[in-house]
Structure formats: C-alpha cells, structure tokens
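Please keep the sequence and the model in view while reading the sections below.

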Amino acid sequence: MKVCSSDYSMCYYPPVRHTNAHCTLTELVGEHIRAHFDSDLVPSLGQFLLARLTPYPYLRFPLFPSSLSLSSFSTDLPRDSILTPGMMIDLIGPCGAAIEESRERERVLLIADDSPAVLLPFASSAIARAGAATLILAQPYPLDSLDPRIEIHRGDLITLTNELAPHADRIFIHLSHPSPLTHHASLVTHHAYTLLTPPTPCGVGACHACYIKTNHGHKMSCLDGPFFNLQSLISNY
C-alpha cells in the first residue's frame, strides 16, 4: 500500500523486491542508448531500480526511467552498454521515495544542463493531466526524441530560469555538474526538486553509502531520494 505525505511532496512504498526484466528494444538517443523493458516491476514517478549489468554479483547499476507505463519502462544507458533486445536483466526495486503524480493542469518546469532523460516522466505526468511541460536545456540534444508537446528552451540556465520559474507549479532539476543554479532565489521553494545520484550499492539504506546531508539531518538517497526538495538542501548542496 502506498503511504503519501500531506504536503504534496512524496510517497513511500514497501521494501524492494527482486525480479527480471526483458529488454525489448534499444535505440540511440544522443550520446546514450535508450533501452526499453517489459517488467512486472516498474518504479513509480521519481523512483529508480538497481540492475545487475556486470558479472560481479554485488555490483548494481541504478536505472532512472525516461518513460513509465503499467508494465514497462525505458532508461538511458552509456553508449557502450552491452544490452541487446531479448536480454533479461536482474532487477531489485523500487528504490527511493516516489513523487506525487501531477495534478490537473499543473505546469512543470524541467531544468537540465545535459541530458533531460531522467526528467521526462514528470513531463509525461503533467501532459497526461492536461497540464504543460517546459524544458530548459544548456546543451544540444536530439529534440526529435522528445514529446513534441514539451516546450523547449535552450541557452543559459540561470537566465531562462529567471524567466520561466515564476510560472511553474513544480520544478525538477538534473545537473551533471555543480552549478550556482541550485542556490538560485527563484528555486528556493518547496516545489523545486533536484536529482542527487551518489553511489547506491544496496538500495535499502543498509550500507549508508548514499547518505545526503540535509537541513533535517542525514538522509539516504535510496530511501528518501533520489529527488530532494531543494529547500531542504539549500545550505548544504
């Protein structure tokens, strides 16, 4: 059973489970391989999975979905990935705290300095509920791989954030490199979330490798993240 907070933020789910997923398709998207899977284990919005993609039994790779459905998901992997259609992969999950689906006519703003793939499920959630999704990009990206209903802006992230953030109901950020953007005044609200991706070896909070320092003490990315309220991180991140 899902348990949700009362402040329109996050939902928590039962312990992780183990399964296999079937790779049905791989395609090149920019500098990444987008792999599509059929699976009986699909994360909720904001969550991720841990996959065994190497021969080493205790090393797992985090899979952050770029799309979600009831029985399938896709994820972007390094271009040298050895995944091919027909392969089965070993999964555990779901890991992390889910983010509530969009409300009716919600306006979401996505901010990425490189690839926006991990933010795309938030756009899909808003669009499915008659809302709007706007994406700010700092780098070139294959726009033909994106939903044409997403409004795209490319340029300086801080300039575009100044312009667009005041009109958003919720904001989701994925930065590959540290940026002063995370301290930007327009984003210090309880509706802005950033993806933090420290190493997550276990996925259940046992190893403490993924702890994040927040204004409310140490949190585990695999339990309390990987999307964190920017307001709770602003003095530490």
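## Terms and basis

Throughout this report a residue is called buried when its relative accessible area is under 20%, exposed when it is over 50%, and partly exposed in between, with a 1.4 Å probe and protein chains only. By that scale N215, at 37% relative accessibility, counts as partly exposed.

The model is predicted, so local features need pLDDT of at least 70 and side-chain atom pairs count only at pLDDT 80 or more, whereas totals for chains, interfaces and linings use all residues. Residues are numbered from 1 along each chain as its sequence is written, and side-chain values use heavy atoms, with hydrogens and water left out.

## Overall make-up

The protein contains 4 helices and 18 strands, where helices (H or I, at least four residues) and strands (E, at least two) are DSSP runs numbered from the N terminus. Of its 237 residues, 48% are buried. Contact here means heavy atoms within 4.5 Å, and among the contacts with a separation of 6 or more, 62% are made by residues 24 or more positions apart.

## The nonpolar cores

A nonpolar core is a set of buried Ala, Val, Leu, Ile, Met, Phe, Trp, Tyr and Cys residues joined through side-chain atoms within 4.5 Å. The largest such core has 32 residues, of which L110, L119, F122, I150, F172 and F227 touch the most other members. At least two residues of this core come from each of β5 (48–52), β9 (88–95), β11 (107–112), α1, β12 (132–137) and β15 (192–195), and α1 gives the most, with 5 residues. A second, separate core of 15 residues includes L175, L181, A192 and L230.

In soluble globular proteins, nonpolar side chains tend to be buried together.

## Helix α2

Which residues of helix α2 (residues 157–164) are buried? They are L157, L160, T161 and L164, and they lie on the same side of α2 because they cover an arc of only 105° around the axis, the arc being that of the directions from the helix axis to the C-beta atoms. An α-helix has 3.6 residues a turn, so residues three or four places apart point the same way. The buried residues of α2 pack against β11, β12 and β13 (151–154).

## The cavity

A cavity is a set of points, on a 1 Å grid over the protein atoms alone, where a 1.4 Å probe fits but cannot get out, and its lining residues have an atom within 4 Å of a point. Grid points are joined across faces, edges and corners, and a volume is the space filled by probe spheres set on the points. A search of the whole structure finds 1 cavity of 30 Å³ or more, and the largest cavity holds about 50 Å³ of space.

The largest cavity is lined by L45, G46, Q47, F64, P65, L68, V118, P121, F122 and F227. Both β7 (65–68) and α1 (120–128) supply at least two residues of this lining. The lining residues divide into 8 nonpolar, 2 polar and no charged, where Ala, Val, Leu, Ile, Met, Phe, Trp, Tyr, Cys and Pro count as nonpolar, Asp, Glu, Lys and Arg as charged, and the others, Gly among them, as polar.

## Loops and backbone details

N215 has its place in the loop between β16 (211–214) and β17 (217–220), and its C-alpha is 8.5 Å from that of Q231, which is 16 residues away in sequence. T200, in the loop between β15 and β16, is buried, with a relative accessible area of 10%. Leaving aside neighbours within four places in sequence, T200 is in contact with F48, L50, P62, C210 and C222.

Two cis peptide bonds can be described: one joins G93 and P94, with omega about -5°, and the other runs from G225 to P226, with omega near 0°. P94 is found in strand β9, while P226 is in the loop between α3 (221–224) and β18 (227–229). A130, in the loop between α1 and β12, has a positive phi near 65° although it is a residue other than glycine, and H208, in the loop between β15 and β16, has a positive phi of about 60° and is not a glycine. A130 is partly exposed, with a relative accessible area of 42%, and H208, at 46% relative accessibility, also counts as partly exposed.

How values were computed
1 Å grid on protein atoms, 1.4 Å probe; cavity = no way out; pocket = protein on both sides within 12 Å on 5 of 7 lines; lining within 4 Å.
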